[in-house]
Amino acid sequence: MKKSKAPSSRRAEIQQLHQCYASGKTTLPACALLRFLHKEQMELTANEETAESLIDRYEIEETARESRCMTFEGFLRYMESKDCCVFDQAHTSVYQDMDQPLTSYFISSSHNTYLMGDQLVGKSHLDAYVCALRKGCRCLEIDCWDGPDMEPVVYHGYTLTTKILFKDVITTVEQHAFEVSAYPVILSLENHCSQEQQEVMAQYLISILGDKLLKTPLDHPTTGDLPSPNDLKYKILIKNKKLRPQIKTEDMSGLEESGDEGDDEEEDEEDEDHQTKAKFWSPRRQTGSKKKKKKVVVAEALSDLVVYTTSVKFISFSHSKDNQNYYENTSMAEKKARKLVKASGPDFVQHNQKFLTRIYPAGSRTSSSNYNPQEFWNVGSQLVALNFQSLGLPMDLNDGRFRDNGGCGYVLKPAVLMSSQRSFDPGCSQHNVKPTHLLLKVISGSNLPVPRSGKALDPFVRVEIHGIASDSRRKNTHTVKNNSLSPHWDSHMNFNISVPELCLIRFCVRDQTGLLSSDFVGQYMLPFSSLKKGYRWVPLRSRDGCSLDPASLFVFVWYS
């Protein structure tokens, strides 16, 4: 339960509410509390029993409890509790339908998971896998290269990033895969190993992961769709290229590689990106030439472990429509994906109804910076991979998106992205839709963290809406001078939102340091669909996503 040590400003506001509903008495009877729940908090399913259970939970004065009333202190305790958090507490557990095919979900995904820092000289570390899994990440990337003594290693090829052993990565994944979520983990292999070392990889996957490794298709008759997160609970899937059976002739083995038209897009583009780095970092510069690049042919032992996540090269949406199988997925770098979003958004949305798509950051982002994931969620891309080690807005968006549905790493895509009847174009303003009107009143803040200098803040609040381009807006309150403990803004903001089900809302507190400059103080991001109406408090988080409790905002929310 949140501490009820409210600062004087919030205490005064809550006191006013209590007095208003207590009609001059010192306590609030259950029927008046119920009226408050209906009228202000929009808790429309609340009944007399709800009000009485709140009195039992938050009222500590015996006589008030016995007479089914709430004193101001009890009311304050309730208003400062999780029950009045801006984030819908029902969404802190898994509540969505988990029986849809994997393609129907946004899936929390990490890029170059092994890196703790930048892409050129950063440390590769097992802890990076633990951190990502604990954040609810469900798709991890493993860059595999031949190592000495037949031990495959994981690092960012052609760079000075440190190396870790493949077997240690798999052991770490096995230990932590299902710590925070029971739903499947996808291991996205970027595979640069020789056939011999790929066989070693396959042996490690089988021996270390044991029953957790999905080795064969599920029994249930498939409808030409991927299985659901529920079907694949506690399973680890391998995403890699696969050999496909060929009709045997005398001079030909019976297997050929999937996506044989050319290397998997991911490998192609990421390899070019490794080549770029070779120019800077490799003493053997000439080996970086594209012509000499040896094609990696997948080993049969590893190919056999690829079941529902076969990597193939992306050619075009129409090519995918005619040729791609439901168990095949494509990967593309952000630049190519961005071009496709602009040129053919509705086709991208439809493609993602049938197939998994992974998007990853451009190779030029050597400092491990991130793109804005929202633009790719807007077309329904499931595996929008980010550098989890990099802090800032993109990871805040990812944390907000996947805070939903119990933080299990799978969030059901909204109906607008799944409709076969209506084509959705995120690039167009949705004129035919009645917009949702959102009113936010940013009332006050409390216990804001003071900078190292110890100087009191000059805080203001920026509210950002992240959704389709025409819905994305931001508004600021005015700045309050010299007050970190209990700044009071009482600022009204109105937003019209045409596709709220894709929106995330971010409350960001900043310290005004100059006429046009400000510093980050704290933020909180949540999906519009998890926003509670009424008088609510917003728990602030630090740049790295840690709680800044008791720092918070007090707001009033209403939408229709």
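Hi everyone, let's start at serine 484, which touches Ser446, Asn447, Leu448, Val450, Ala456 and Leu457, leaving out residues up to four places away in sequence; contact here means heavy atoms within 4.5 Å. A word on the source: this is a predicted model, where local features need pLDDT of at least 70 and side-chain atom pairs count only at pLDDT 80 or more, while totals for chains, interfaces and linings use all residues. Residues are numbered from 1 along each chain as its sequence is written, and side-chain values use heavy atoms, with hydrogens and water left out.

Back to our serine. Serine 484 sits in the loop between β19 (473-476) and β20 (488-497); strands are DSSP runs of E, at least two residues, and helices are runs of H or I, at least four, numbered from the N terminus. Is serine 484 buried or exposed? Serine 484 is buried, because its relative accessible area is 8%, and buried means under 20% (1.4 Å probe, protein chains only). A polar atom of its side chain lies 2.9 Å from the backbone nitrogen of leucine 457.

Now the cores. A nonpolar core is a set of buried Ala, Val, Leu, Ile, Met, Phe, Trp, Tyr and Cys residues joined through side-chain atoms within 4.5 Å. The largest has 64 residues, and Leu140 is one of those touching the most other members. Helix α8 (residues 195-209) gives this core its largest share, 6 residues. A second, separate core of 60 residues includes Phe75.

Phe75 is also among the buried residues of α5, a helix (residues 72-79) with 7 of its 8 residues buried. Thanks, everyone!

Conventions. Buried < 20%, exposed > 50% of the residue type's maximum accessible area, 1.4 Å probe, protein only. Polar contact = N/O pair within 3.5 Å; in protein donor to acceptor, adjacent residues only side chain to side chain.
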